Every structure is written in C-alpha cells, then in structure tokens.
Amino acid sequence: MNATARRRLERRDEIVQAFWRVARTRPRGGVNVRAIAAEATMSPANVLHYFGSLNELQITALAGAMEEFAERRQAILDRPESAASRVAAMIEAGVPDEISDELRHVYESVPILTDHPEYRPAHRALVERQIMLYRTLIEIGAGTGEFALASPPGMISRNLVALEDAYDLYPLIGDRTPREECRAAVRSYAELALGLAPGTLAAAAGQP
C-alpha cells in the first residue's frame with residue numbers, strides 16, 4: 001500500500017471515529033455531516049470527499065462496529081479451554097453489563113431497515129457469523145462428548161443468538177432486569193440444550 005492509499009484509509013478512520021463521538025452525544029437527528037466534520041476538524045466537503053454521503057459513512061461505521069464485535073467472539077472460540085467454558089464466555093460477551101454505544105447504534109438501526117435496505121447485508125452477516133461461531137463451538141463440544149445435544153447444533157445456535165439479541169434490546173426500551181439475571185436465563189437454556197448439569201455454565205463463568 002502506497003503512502004497516498006494509507007493516508008486515505010487513515011482519514012476515513014478518523015472520520016468514522018468522529019462519527020461515533022458525535023453519535024454518543026447527539027440524538028439520531030443531530031448526527032449530520034456538518035457536526036461530524038466539525039468533530040473531525042475538517043470541512044463538510046472534505047468528509048464527503050472520503051464518503052459519498054452520510055448514509056455511506058453510517059453504513060461503514062456500523063459495519064466496523066459489527067466486525068469488532070464478531071472478532072471479540074472469534075477470540076473466545078479460539079481459546080484453549082473446555083467447550084463449556086467458552087460457551088459461558090460467549091454468553092458473557094453476548095449479554096454484557098453495559099450496551100456499548102456502537103452496539104446500541106447497531107440495534108437502533110434495525111427499525112429503519114425497511115427504508116434503508118442497504119443496511120441489511122451487514123446485519124444479516126453479523127447474525128450469521130454469530131450463529132456460525134456458536135455452532136462451531138457446539139459441534140466441538142458434541143464431538144468430544146462434553147455436550148449431549150437436545151436439538152441440532154444449528155437450532156441451538158440460532159436460539160442462543162436470538163436470546164442474546166432479545167436481552168440486549170430490553171435495556172434500550174427501558175427494561176431494568178439485572179444483566180446477570182439475563183445471562184443466567186441464557187445459560188439455563190444453554191445447559192438444557194447442551195445436556196449440561198444445572199449450574200455448569202454459571203460455575204464456568206465464575207458465578208455462585
């Protein structure tokens with residue numbers, strides 16, 4: 001990569017970071033090219049030189065947040081631990097104590113998919129990647145005899161991802177259920193589906 005291409009990537013990243021800083025402090029309607037340009041200390045025209053529209057910038061920012069989220073979960077899958085320990089860690093990551101600003105914007109973009117179908121591929125890719133990571137881990141555990149599956153791996157994986165998404169959406173609509181209680185509910189389903197004794201995943205997660 002030559003210096004010009006590298007500098008272009010750096011400038012695009014600076015603009016994406018400026019987008020997230022603006023998004024954290026303003027309601028959705030307040031996120032505009034002018035505000036992002038001011039945060040990035042450049043002109044609106046310069047922002048539009050690197051991104052053809054605010055929509056393109058938002059899609060890029062969301063895709064980056066989704067990729068970072070998926071990479072953190074991939075790192076859990078790659079750990080040299082028991083399958084049960086890794087499932088427990090995946091649930092901890094999937095139902096965090098605090099919903100990050102980036103993940104919040106990912107969820108908040110769901111209602112506008114009808115009007116902005118260009119967001120759909122990124123959302124679909126994130127869901128399918130999460131399912132694939134869980135499925136891989138579940139198949140590893142089943143193959144070693146650690147799990148005795150009550151349903152096909154793909155079905156269990158989709159249910160786990162669906163549960164995580166639901167519990168991550170709850171805080172966005174004002175639900176105050178303690179996050180550990182939400183994680184315990186996901187772990188309870190996982191234990192039933194994977195044929196684990198009750199409390200196995202809580203112990204693996206360091207919970208009493």
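Buried means under 20% relative accessible area, exposed means over 50%, and partly exposed is in between (1.4 Å probe, protein chains only). Helices are DSSP runs of H or I with at least four residues, numbered from the N terminus.

I noted that this is a predicted model, where local features need pLDDT of at least 70, side-chain atom pairs count only at pLDDT 80 or more, and totals for chains, interfaces and linings use all residues. Residues are numbered from 1 along each chain as its sequence is written, and side-chain values use heavy atoms, with hydrogens and water left out.

**Entry: H5.** I counted the cover: 9 of the 12 residues of H5 are buried. I then checked the length of H5, residues 83-94. The expected span is 1.5 Å times one less than the number of residues; for H5 that gives 16 Å, and the end C-alpha atoms are 16 Å apart, which agrees.

**Entry: H9.** After H9 comes Gly-195, with a positive phi near 75°.

**Entry: salt bridges.** I searched the whole structure and found 14 salt bridges (a side-chain nitrogen of Lys or Arg within 4 Å of a carboxyl oxygen of Asp or Glu). In one of them, the side chains of Arg-183 and Glu-92 meet at 3.4 Å, N to O. Arg-183 lies in H9 and Glu-92 in H5, so this pair ties together parts 91 residues apart in sequence. Arg-183 is buried at 5% relative accessible area, whereas Glu-92 is partly exposed at 26%.

I also looked at Glu-180 and Arg-187, whose closest N and O atoms are 2.3 Å apart in a salt bridge. Glu-180 is partly exposed at 23%, and Arg-187 is buried at 4%. Which residues are linked in a network of salt bridges? I listed Glu-92, Asp-97, Glu-180, Arg-183 and Arg-187.

Last, I looked up Arg-158 and Glu-128, which form a salt bridge at 3.2 Å, N to O. This pair links H8 to H7, 30 residues apart.

Notes
Helix = DSSP H or I, 4+ residues; strand = E, 2+ residues; numbered from the N terminus.
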